[in-house]
Amino acid sequence: MNTDTLMPPPAQCNVTPAPPARETSAFLEINRLHAEARRLAGDSRRSLDAALSAAWRAGQLLIAEKARIRRRAGQGAWLGWLETRFHGGVRTAQRYMQLARRADTPGALRGLGLRQAYLRLGIPISSKTSGEDRRVRPPKLPPIVTLAARLTRLLRRQARLGMDIQFPDDLRALHAQLAVLLKNTGTDTAV
């Protein structure tokens, strides 16, 4: 009996060899982590939508309360009421109210986080590093930087107007030093 007719050649077999045990455990772990990532991404989207809906609804209620407080107690009573009764900051309340005014429904912003929704609607937000109601001021610049900026503005103005400008005393010395430096480096540009 001819054995070639009974068994197909190896190229036609659809059986893949079993991976070694170590590869199998890696595949199992990869697929388990993939399933977990998909589940968590779904949970995250649902949490984002719930947070957005809660903020939008809080904004609606804050708008109604603001109108009610102003009718009963006058214009100045709102902030006092807000600071004593609302557990968030004043800026948070303002953002919630703007969110409710600018979005017809929270569903229009589905899948976005609060910060992303605020940005999309043009609602100002503070940076994540600053406090809730704290304004972050840039650090004070060294005096030489301030002088250099003033001198630059005056030089640009002089170039734009095409005439000599009388420099104030505090800038005259800096201008003279810079003019010498620029001439020595070969970058004399009408300073």
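Helices here are DSSP runs of H or I with at least four residues, strands are runs of E with at least two, and both are numbered from the N terminus. The model is a predicted one, in which local features need pLDDT of at least 70, side-chain atom pairs count only at pLDDT 80 or more, and totals for chains, interfaces and linings use all residues. Residues are numbered from 1 along each chain as its sequence is written, and side-chain values use heavy atoms, with hydrogens and water left out.

Across the whole structure, a search finds two aromatic pairs (rings of Phe, Tyr and Trp, the last by its six-membered ring, with centres within 6.5 Å; stacked if the planes are under 30 degrees apart, edge-to-face if over 60, tilted for the rest). W78 and W81 are stacked, because their ring centres lie 5.3 Å apart and their planes meet at 20°. Both residues belong to helix 2 (residues 77-85), and being three residues apart they are separated by about one helical turn. W78 is buried, at 5% relative accessibility (buried is under 20% relative accessible area, exposed over 50%, partly exposed in between, with a 1.4 Å probe and protein chains only). W81 is buried too, at 17%.

The pair of F86 and Y96 is edge-to-face, with 6.4 Å from centre to centre and 80° between the planes. This pair links distant parts of the chain, ten residues apart: F86 sits in the loop between helix 2 and helix 3 (90-102), and Y96 in helix 3. F86 is partly exposed at 21% relative accessible area, whereas Y96 counts as buried at 18%.

Turning to another region, L141 lies in the loop between helix 4 (114-121) and helix 5 (143-161). L141 is exposed, with a relative accessible area of 52%.
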